[in-house]
Amino acid sequence: MEEFFQQFTNGLAVGGIYALIALGYTMVYGVLKLINFAHGDLFTIGAYLGLSILSSIGLTEHVGNITGVLLLAVMVMALVGIIGVVLDRAAYRPLRESPRLSAVVSALGASIFLQNTVMLIYGARFQVYPQDILPKVAIHIFGVSVPLMRILILMTSIILMLALYFFIQKTRIGTAIRAAAIDQGAARLMGIDVDKVIMIVFLIGPSLGGAAGLMVGLYYGQINFTMGWVYGLKAFTAAILGGIGNIPGAMMGGILLGVIEAMGAAYLSIAWKDAIAFCVLILILMFRPTGLFGERVAEKI
Amino acid sequence: MMKSRMIIYIVLSVILLCSPLFLDTYWVDVLNSVGLYAILGLSLNLIVGHTGLFNLGHAAFYAVGAYTAAILNTRFHIPILWLIPVCGLSAGLFAAIIARPIIHLRGDYLCIVTIGVGEIVRIALINDIFGITGGANGIFGISRPSVFGLIIRKPEQFFYLIWFLVALTVFLFDQLEKSRFGRALNYLRDDDVAAEGSGIDTSHYKLAVFVLGAAWAGMTGNIFAAKMTIIAPESFSFWESVVMFTLIILGGSGSIPGVILGAFLLVGLPEAFRGFANARMLVFGAAMVGMMIFRNQGILPPLPRTFSISLQSDIQ
């Protein structure tokens, strides 16, 4: 039981991270129908920027650990969000009217470009996060000790997701984003500035991905320039699992994927961990071709 | 227009055929890789270029073919070139089993599933599935191929074997493009619903082309195994699938000359810029983006279909 609970909470924490990244995929897909393959690399950039800021200006020494990490998160999110907007301007905006295959290739190219930029700046070796930032204590819940870090990760991702959910559902800009996702042309006719909506989407999605990168750095302690591929692929799987374009779906898909993966690794085989996610995905798509929460679209003729 | 193109292609082919005479072994070997990727690209082009199915997991079928060849050759000592049809069959069968339940999925869903299949196959190979794939080290000691008693060993000899197969593939796929089958594929790429409405069994055609492309990749896997004599899971990573996919789009999706040019650019050019070591992939990524912005149909897009009208026969 203890083992099960440990794996379950670990799965929830990792799932929260997947969900945050998946949101970036799903929001961009919702508005542009584009798979942003470079999103995983924005996540990597978030992790590296977090490390740079931590080690260069000694944030945590000036303002204390907790405030320091919060400030760090805000800075990383802002920076990665800006990089996301620039990426859209440079690589996707000129392709709005092009066939979708071109946009996919452009996204793959942007991903290769960003990954190699990170490698050239920081080097190809693993980089290590400072280990003394957050206290290494465990909290006892129902007699089981859970590392504080795990709880913080899960809490942060849930708070960010809830904030996003209310932003999308309750604000004017959120309504505009939903409208643009349903029908861009009609949204334009209703006076919505779709270009601005896309810019906001490329600000929010990557900033959440950047936050996830920072979390991975803090949680696992080491980062690498290629990690964006694996996390990006998993998160994209999560987004598809929940029905791509669907924001609550991406959240559920991410958490579900994290838990399934942790359970699979613990009880089936750790060597097959990365394959489990994809097997689940294929099984679900066989029976629900548009994901768990995806709407059923009738073909228009 | 057509005439001058043909002349250019013939001249280039002759130069290519003579190139082992003036290139050193290293560059002949690079040309061998280009040839292999050209065949792979052509096989994937049927799926991506002609039918418009997003397949980012083509390396999985390549791997199935290569491993079939390697296992049967090292265990039962069957001459490797005899195994080409077996490799095609096993990769095709694998593709049929995988694709049957998922082929109806919408574009991006299919894309992630093919990525997933590629990853599952790679992980299965690393984990030594059924105890026959040799795990992360792979399989070594694959015997050299022999053609009419001549054992093919040197890169120059492989050069002619591989480029003969490229020529054969080009010939067959050109016929396929012009056939009823090829036209049906193009129709369902351009408008799935209209094609279905005109009596084209779209699922059947999608599945058929997927299996055909996969079988071709499997046969290429055989040649790869024969050339390397050692294969390992890392040769069949996601990156390989990305290269195959990208070379089609950059060269000109749906166009045979375009795909071959794409293979030269994607496999040959990075070799030429080896001196720049680290920065070359950065430039490569930027070039992909730039290419899509300024010429998204690829460098050599397919020529529109032409049909000669013979009014006489039509009237009767």
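This is a predicted model: local features need pLDDT of at least 70, side-chain atom pairs count only at pLDDT 80 or more; totals for chains, interfaces and linings use all residues.

**Stop 1**

Colour chain A by secondary structure and you'll find 12 helices and four strands. Its radius of gyration is 19 Å, close to the 19 Å that the globule rule gives for 301 residues, so chain A is as compact as a globular protein of that length. How much of the contact in chain A links residues 24 or more positions apart? Counting contacts with a separation of 6 or more, such residues account for 77% of them.

**Stop 2**

A bit of background first: most residues other than glycine have a negative phi. Now select K33(A), whose phi is positive, near 55°, even though the residue is not a glycine. You'll find K33(A) in the loop between α1 (2-32) and α2 (39-57) of chain A. Is K33(A) buried or partly exposed? It is partly exposed, because 15 other C-beta atoms lie within 10 Å.

Hop over to chain B and pick H77(B), another non-glycine residue with a positive phi, this one about 55°. H77(B) sits in the loop between α3 (58-76) and α4 (84-102) of chain B. With 9 C-beta neighbours inside 10 Å, H77(B) counts as exposed.

**Stop 3: a helix pair in chain B**

Stay in chain B and show α3(B) together with helix α9 (residues 202-228). The two pack at an angle of about 50°, and their axes are 7 Å apart. That angle is why α3(B) and α9(B) are described as oblique to each other. The crossing of α3(B) past α9(B) is right-handed.

On the α3(B) side, look for residues including F61(B), Y62(B), V64(B) and A66(B). Facing them from α9(B) are residues including A214(B), M219(B), N222(B) and F224(B). Which classes of residue make up the contact of α3(B) with α9(B)? There are 12 nonpolar and six polar residues, and no charged ones.

**Stop 4: a helix pair in chain A**

Back in chain A, select helix α10 (residues 227-241) and helix α11 (residues 247-267). Their axes are 7 Å apart and the packing angle is about 125°, so α10(A) is oblique to α11(A). This crossing is right-handed. From α10(A), the contact uses K234(A), A235(A), T237(A), A238(A), A239(A) and L241(A). From α11(A) come A250(A), G253(A), G254(A), L256(A) and L257(A). By class, this contact of α10(A) with α11(A) has seven nonpolar, three polar and one charged residues.

**Stop 5: where the chains meet**

Finally, show both chains and look between them: 33 residues of chain B are in contact with 36 residues of chain A. On the chain B side, the elements giving two or more residues are α4, α5 (107-126), α10 (238-251) and α12 (279-294).

Technical notes:
Residues are numbered from 1 along each chain as its sequence is written. Chains are lettered from A and ligands numbered from 1 in the order in which they are written. The radius of gyration is taken over C-alpha atoms; the globule rule is 2.2 Å times the number of residues to the power 0.38. Two residues are in contact if their C-beta atoms, placed from the backbone, lie within 7 Å. A residue is buried if 20 or more other C-beta atoms lie within 10 Å of its own, exposed if 12 or fewer, and partly exposed in between; C-beta atoms are placed from the backbone. Axes are lines fitted to C-alpha atoms, for helices over the stretch in contact, and angles run from 0 to 180 degrees between N-to-C directions. Angles under 35 degrees count as roughly parallel, over 145 as roughly antiparallel, 65 to 115 as roughly perpendicular and the rest as oblique. A crossing is left-handed if the near helix is turned anticlockwise from the far one by less than a right angle, and right-handed if clockwise. Ala, Val, Leu, Ile, Met, Phe, Trp, Tyr, Cys and Pro count as nonpolar, Asp, Glu, Lys and Arg as charged, and the others, Gly among them, as polar.
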